[in-house]
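Please examine the arrangement of the chains in the model shown below.

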2 protein chains.
Amino acid sequence: MAESSNFVDLAHHLSPETLVRKANPLKDLIRVALENPHLVTLANGNPHSSLSPFRRVDFEVASLTATDDPVSSWRALGPSAPTQSLAVGDPSDAESTQLLRASMQYGHGAGLEQVLRVVADLNAFYHTAPAHVVTMTLGNADAITKVFRLLGAPGDYFLADEFTFGPMPLAADAHGVRWVPVRIDAGGIIPKELERILEEWDPERGRRPHVLYTTPCGQNPTGSTLSLERRRRIYELAQRFDFIIVEDDPYYFLQYDLPNTPPADPAKPFPTSFLSLDVDGRVIRIDSFSKVLAPGLRLGYITTAPLFRPHLVNLIDFSTQNPSGLPQVLLTQLLGPGGWTLAGFDRWVRSLRHDYQRRRDHFLALFETHVASTGWAVADVPEAGMFFWVRVFVERHPRFHASAPCTDANGSGGQARVVARSNAKEFMAELFEACVAAGLLVCPATIFVLPTDGTFDSESIDDRSNFLRLTFAGSEETMNAGIPILGKVLNEFFGNPGKPDQSD
Amino acid sequence: MAESSNFVDLAHHLSPETLVRKANPLKDLIRVALENPHLVTLANGNPHSSLSPFRRVDFEVASLTATDDPVSSWRALGPSAPTQSLAVGDPSDAESTQLLRASMQYGHGAGLEQVLRVVADLNAFYHTAPAHVVTMTLGNADAITKVFRLLGAPGDYFLADEFTFGPMPLAADAHGVRWVPVRIDAGGIIPKELERILEEWDPERGRRPHVLYTTPCGQNPTGSTLSLERRRRIYELAQRFDFIIVEDDPYYFLQYDLPNTPPADPAKPFPTSFLSLDVDGRVIRIDSFSKVLAPGLRLGYITTAPLFRPHLVNLIDFSTQNPSGLPQVLLTQLLGPGGWTLAGFDRWVRSLRHDYQRRRDHFLALFETHVASTGWAVADVPEAGMFFWVRVFVERHPRFHASAPCTDANGSGGQARVVARSNAKEFMAELFEACVAAGLLVCPATIFVLPTDGTFDSESIDDRSNFLRLTFAGSEETMNAGIPILGKVLNEFFGNPGKPDQSD
């Protein structure tokens, strides 16, 4: 299929580390072996399949036959919900026996051939990506680490949402890559801000960022989702400034209707991904089964232009190797003709988003009653993902001060570090402690601030960290117990301003 | 148990990357959550367990009840060999249900609590390592990559066997670590050579190597195994020169009797590992289930002093995360009270080494008849692992020349690059091509040469690359077909010297 693509040459984006790893000392031997399949080989030291003590594995999974809303009945019926059995290694089925045998042998960095086909079909169903190829991963943390190493050299700058899931940037930090924060709002990345950074890039800082890392749906932590219009605009910027978009999309399938709009058509499509817009081969899409099947599977996949695949496979072969055969065969059987099939998977994920939408709406009702009503906090309704990003009106607190003069330690020069002008950060720390004291754990915005050298913003992010991330992925009981605590804490916090410092 | 240790402080060996990764932005939140288990939490966005569509997994594995030589009967009976079933998620068993649930949720970088217990018991059974702790890995390629990152900074030098499995050094190369080769013979690393390198280390090169990476049993490619005496000597050097020993030991359980010695006692212990000698905490041992269960499980573990564990867990949490839950629960159940138990595992691995010893002896008989008898090649009998390291007597070839004057391009100065004096490398390339032309694939020594800058040796390794690695891990049919080809090729190669260059 690659023939039909008009991909541009993006090889200049590969990191030196990637190129070092290309020098596989075994590659000539592998080439000779592939070109001469008739050879008797005394070369490879693989354990013989007959020495593996595993005969067969049966996976008992939710049956989809009973209902149109399989997640709901799976949950409601609990242990008595109907299941179906998926086997590998059934001695009466040569294909299944061969699949187990292949999965238990040393494999290929891209993943098992059978699971790659299943995942390519899944991509073709949800995205328009005719000439892209897939590579299996151990989930998105692994995928991101590998993609950062694929593309980043020490000293490079990568762009990312100014608030992002904390551990992810660390994978690049440890590798010597530095971060440039892009301003986001309730709709995700603001294209004009991205454009400004790239237009104003000072070459003396170093190479202009050639990678944008972003979570387009149900962004973690802000819950924002990029509109199609913003995606198109960002893609145009990627073309104009020649950067690669790393689309980390674990919440793709968890997309909801907005309140006060008519219920979506059951056939309502999932959002148009960056991948579906990619005519150049500059989108690297990262998918995970963690949110839609189970995180413990540690299984996901990367979709790239063919150019990147052999380099990615090298990174995999010389580090983690392919994912465990067990989750690979489970996914193969689950999405295969003897399992749910792709149509069944689609029913499952639509039913799953219905379940999460119900949780979101439960959260929303409680939030309106107990928190928004206090007047001290507000939140946009997320149209995807698992999180509400709650803005706390710290500026309504009597002890708040917003307007310390801009006492930038290095004067007002362009690359000097911008310092906080308000005491918002201190307030939020105080509020976090008050929540804990009242029995509630929440995520303060500060833990999601992209680590940077602080020279990029015109305004300190500390002044904009007056947010809490709250999840609606938990049980109704948890939400029923937790959200009223937040309302109570906010009332006390704002109702007892300026309490003496000597109080415990 | 850590109280009983007299481990020294080895924190100065941690890499800067390791320390960067320590800065987990979520760590304060995690600490608060752990210290306050009573809190209602709206913090974590984990999918609820009820949303995972997996009810139960049954693993059908070899039954050990029938015989004292379970591998042999498992192979002989094929599909009719008796099996036993190991389940997780059985609704009638709360512990098993909880195990599946935990394995399918987000986990801890060290691995599932239950599998860590099983593996710690396994260590205690085979090694003396009272105060060491275990961390699960995705097999040894993954473990090595992580350990190299744990300990190595760009510009550092690591020590390793001068011939080693090709892809492994690349994991460090890509990270900017450089290699110092240590001379080996049929008994593995020569302690005097190691001592010489460390004694003569010129500080102007950079920091003296603080890591030795070695495969002590059935070394790949040379098949050598370190005697207990050499291990003791190397450990003393590690103490004297303050380096860490990374003991990569995938062939630990595949250890054989030497020919012409009485058959070993059935209770014959496995070799004394570096881990068992480690009183300082300076051994990092890397184990794999690839050779004794199945490579496709992608499961292994690292054993370290407690000091290293939190750093290793950080590397894991910010990259691959823990191994897939499926191989973890399989191992837990296999070694648990409802499965083989540890005693059963021990029976399996002893039976397995018996199977490999039979293969080795079959190879040896063929080799003596068809290859050694030609007078053109010889091999030591490996006492562990999967490989024969065949020395070809290139010096007996009429076209061979051994003694080109030492035309070191930079004169004879200490750090100048040493160049080959013989045409051994060219001969071996010619021999490899002749094998392929005759229908046989072998591994030439050159693909295992540790990549270095060439300034360490007094003699070029090219002059000592007159070896082939042959495996006995394959079937008897393969050996029956392949080994006579080698004999024939050698006879032709040495019998038709100086054939005109124009012959294809």
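In this predicted model, 99% of the interface residues of chain A are also interface residues in chain B, so the copies meet through the same surface. The contact involves 104 residues of chain A and 103 residues of chain B. Between them, the two chains bury about 8,900 Å², and 66% of this area is on carbon and sulfur atoms. On the side of chain A, the residues that lose the most area to chain B are Leu42(A), Arg55(A) and Leu441(A), which together account for 10% of what that side buries.

Residue pairs in polar contact between chain A and chain B number 45, counting pairs with both residues at pLDDT 80 or more. The side of chain A that touches chain B comprises 61 nonpolar, 28 polar and 15 charged residues. Across the interface there are 4 salt bridges. In one salt bridge, the side chain of Arg55(A) meets that of Glu60(B), with an N to O distance of 3.9 Å. The element that gives the most to the side of chain A touching chain B is strand 2 (residues 54–62) of chain A, with 9 residues.

Which strand of chain B pairs with strand 2 of chain A? The partner is strand 2 (residues 54–62) of chain B, and the two pair in the antiparallel sense over 7 bridges. Within this pairing, Phe54(A) has Val61(B) as its bridge partner in strand 2 of chain B.

Some backbone details remain. Most residues other than glycine have a negative phi, and most peptide bonds are trans. The peptide bond from Asn220(A) to Pro221(A), however, is cis, with omega near 20°. Pro221(A) is located in the loop between strand 9 (211–214) and helix 9 (228–241) of chain A. In chain B, the bond from Asn220(B) to Pro221(B) is cis, with omega near 20°, and Pro221(B) lies in the loop between strand 9 (211–214) and helix 9 (228–240). Thr341(A), a residue other than glycine, has a positive phi, near 65°; Thr341(A) belongs to helix 13 (residues 341–370) of chain A.

Methods. Residues are numbered from 1 along each chain as its sequence is written. Chains are lettered from A and ligands numbered from 1 in the order in which they are written. This is a predicted model: local features need pLDDT of at least 70, side-chain atom pairs count only at pLDDT 80 or more; totals for chains, interfaces and linings use all residues. Side-chain values use heavy atoms; hydrogens and water are left out. Contact means heavy atoms within 4.5 Å. Buried area is the accessible area (1.4 Å probe) that two parts lose on being put together, summed over both. A polar contact is a pair of N or O atoms within 3.5 Å; within protein, one must be able to donate a hydrogen and the other to accept it, and residues adjacent in sequence count only if both atoms are side-chain atoms. Helices (H or I, at least four residues) and strands (E, at least two) are DSSP runs, numbered from the N terminus. Ala, Val, Leu, Ile, Met, Phe, Trp, Tyr, Cys and Pro count as nonpolar, Asp, Glu, Lys and Arg as charged, and the others, Gly among them, as polar. Two strands pair if DSSP finds at least two bridges between them.
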